[in-house]
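The sequence and structure are shown first.

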Amino acid sequence: SYESTCYLDTAAIDGETNLKQKIIPSCFLNISKPEETKFELQCDQPNEDIYHFHGRITFSSDTNIYPCDNNNILLRGCVLRITDSVDGIIVYAGNQTKVIRSSKKTSSKHSRIEKYINRDVLCSSVFLIFLCLLGAGLSLRLERSFGNKWIYIPFILDNPFQNAAGHFFTSALRFVILFQVMVPIALYVSLDIVRVLQMYRIGRDKNLKYDHSISCHTFTINEDLGQIGYIFSDKTGTLTQNELIFRAVSIGGVKYSNRSELPNEHDPLIHQFLTALAICNTSFMVHEQRELMYRLDYQPKYEGDNADDLVLCQAASDFGVRMISRSAKTIVVRYIDSTDTQKEDIEYEILCLLPFDSSRRRMSIIVRTNNKIYLYIKGAETSILPNLSDSNDQDLKTITEQHGMDFAEQGYRSLLVAYREISFEDFENWFEQYQNAANALDNHEEAIADAANRIETNLILAGLTAVEDKLQDGVPKAIATLRCAGIKIWLLTGDKQATALSTAQAASLVNMAQTVHSDNDSLSSTSLSSSSSSSSSQNNESVITAWDFSETAQAHLKRRTHMIYYKSQLNEMNQQSDTQHQATIDEIRTSETIARISQDITAQQLPVCLVVTGDDLSLILRYRPKEFIRVAGQCQSVILCRVSATQKRELVTIAKSVFEHRILAIGDGANDVGMIRRSHCGVAVRGREGSQAVAAGDFAVDRFECLLNLLLVHGAWCFTRTSELILYTFMHNCQFVLVIFYYQLFNAYSGTACLHSLYLVLYTSLFTVLPQCAAALFDEHISAERALREPELYQYTLNGKSYRKHSYWINIFDAIWQSTIIFFINYYSYQHQSNIDVLSFGFLLTFSMMTTSLLHVLIQTSRIDWSVVGSTILSFLVFIIFTLIYDDVCVACSPYENPYKVSYRTFRQGRFWFANLFILITALLPRFTVKCVYNTIRNPLN
């Protein structure tokens, strides 16, 4: 391929649509026929990491060792673009390829409500065992009560005084078969069906659709959406649009926003700064019209997988320093004078590229031009400032830091740019160490980082960049609404502290009447002037008032946020200690800091926001992770800055083991995949960073504000609907079993049922299941509009008030009451009517249970919906039509259960209708009365 490079489309692998550039290993650059060369490649064992590859190449005719990394590897599934062909060797094949190994299934997630079901199923199982043992014991006692005359009793087949244990076991087993419905195994099937239909309705919600509809990748955690107590959110691409806009640079203590502001005379510092922006990146060019490359106004199209690199490379081009060609060995930069009439193309030979990583937080490139070697570097302020040379002007350093704070207060992301000249001798000595690190197969990243730290020193400060990443539409209102709902939001970002605070203020995560100044990312707050503070306060209040919130929510949002900045302080101990005791000192310091912050939080009456940096977080996660999580959990919001992907994952993992409420993690990039998978509920935001997060998430949305309808509306609905379905199923089945049990009292505990065998099967599986499923899909304890206008109502499901430990027993006692009324009123109504047979009495009970259960659903629902009413009427009609047809045509269907004309005879009796009317009123009156009183006095939704 041209210039020993090729271009790839990896959308099928990681979802990123931008092209990737791959180069051949440096050892093959000067070989004309590499296919005729004998060499050996040593590399990692097959693994699932598609972003890293470590290998080394040795030639048979050479003793030198050459590195091979991920820039030299093409993954299975990628597509060549703008490249005719490539030659290579197969490293991994078949099931050993990285793509196949990385496509493993993620562990399934289960909602908290399933734990409640398992607990109540255990209670039902104990109740079932009790009924079976009671029935078996009473059966044995009754048979023995006849004494020696048992032989004359027709329904006693065996001697009850012999093998009593076997007789008891047989009777108990018979009752287990008869009462098995007490344990609602079918509930799990019904629950899965309802969950799938709930997900279908969520996917069809127009309020969750922008460019795409919401994607639901799982249906097992619907109810958890209504119990989210903590949201762990990424910032870039999740709260922001991830569309970077260049705003300004600070060079030599002077701010510039466009080329026209640059001085006309040549400034070496500006030259080095813009050169660093042009070449210190991983961007490459796509030449659509290569024949125009030598024209003065030629502008190539930049591609790359780093948005910051692209926007800064384009900014350098707009300032007149334009990268026009890049290969594996060289970079050509075009310098255009201020008059746009002259150009000078300078070629830089690439000696080494040290890419960005989350531990160093910077990247650098070493190049040679005009027999001089330069290192250009850019990165986070905390990673560049400690490595500056003492020869830097202190005033310039102070002004640049102040400009950084000014950019941060405006919400801009900034990077420091620096450079240094390296002597040939120093470079050769260092490069030998670097090659040894690059050839290491074990601890490869650590070795590279150590080598980079040795050369990235004695830097000359060049300047500072500022780019803006605007918030998504609707983010401030969404976060304000979630805060009012009682959900605590943790912002996890790689940005510096000041930028994160500015974003948090703009996003309504905090409400500060102060401005923030920083010294090396260590913040101290100073009050605004009274006029400025008053103006800010009035602006915030006007925005909050404009949002259609309840008075309670508006009052909550208008309260100021008390900011607490985590800063380790070692009290009464000399911090200057040897390395041997440093770990002990760090542990004590961490414990003291957490204890002090806990006291500050407890003493505060205002909402509290805790701010922590990545360096402090490293010590926290090492020594006191759970203690910190417990203390931070008391804050309304937490902002964590300079956080790596590993720290995000660890935070979510520890928080799951500490917090009682469910945790939702939301992000848009590959660095968020860990926390998305570890959380109870993972939501991915479709963005510009590929589809890794979308593939890992349980849900995928277009914007952060989709969380409002997903949690406050659908999440709350799903929890209450599923709770009603579960509790109704337990109550309904218990009622059914107890009616059959009462019949045993008058049937010598024989283990037979008066209900027709077909009704035993269809009653719970067909006749009564449709109304409750309709309620589980369409019932609304509050309307969607009210849920968004009064977000504090979300705490009803957040605290699980619709399904508590005592909810099961309340429904069991209701089942006992209803079954008692149904059986004994029917029994005493027909006690003196001798011509009623078993099937007729069984039909009486079936009809009473049927009508009571259907009306029970209507009383239980929060609103009378057409779907619930329609399904109730339909279920009743299906029961009546089935009964009439079956009783009419089934003349001899079963020799022992002939239902012929049973229902016809029963329906003609006035006693039947009066008895059922009395049963309906008496059986449902307690629940109806209690619900009326509860809704009037104690219902939190009122």
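Helices here are DSSP runs of H or I with at least four residues, strands are runs of E with at least two, and both are numbered from the N terminus. In soluble globular proteins, nonpolar side chains tend to be buried together.

Apart from neighbours within four places in sequence, Tyr803 is in contact (heavy atoms within 4.5 Å) with residues including Ile113, Tyr116, Ile117, Phe719, Ile726, Leu727 and Phe730.

## Basis of the model

The model is predicted: local features need pLDDT of at least 70, side-chain atom pairs count only at pLDDT 80 or more, and totals for chains, interfaces and linings use all residues. Residues are numbered from 1 along each chain as its sequence is written, and side-chain values use heavy atoms, with hydrogens and water left out.

## Domains

The protein is divided into domain 1 (5-103), domain 2 (184-207 + 712-938) and domain 3 (240-471); these bounds come from an automatic or database domain assignment. The centres of domain 2 and domain 3, taken over C-alpha atoms, are 71 Å apart.

## Salt bridges

The whole structure holds 33 salt bridges, each defined as a side-chain nitrogen of Lys or Arg within 4 Å of a carboxyl oxygen of Asp or Glu. Glu349 pairs with Arg368, with the closest N and O atoms 3.0 Å apart. Because Glu349 lies in strand β15 (residues 343-354) and Arg368 in strand β16 (residues 362-369), the pair ties together parts 19 residues apart in sequence. Glu349 is partly exposed at 33% relative accessibility, and Arg368 is partly exposed at 28%. Buried means under 20% relative accessible area, exposed means over 50%, and partly exposed lies in between (1.4 Å probe, protein chains only).

A salt bridge also joins Asp672 and Lys648 at 2.8 Å, N to O. Asp672 lies in the loop between β26 (662-667) and α20 (673-678) and Lys648 in helix α19 (residues 645-658), so this pair links parts 24 residues apart in sequence. Both Asp672 and Lys648 are buried.
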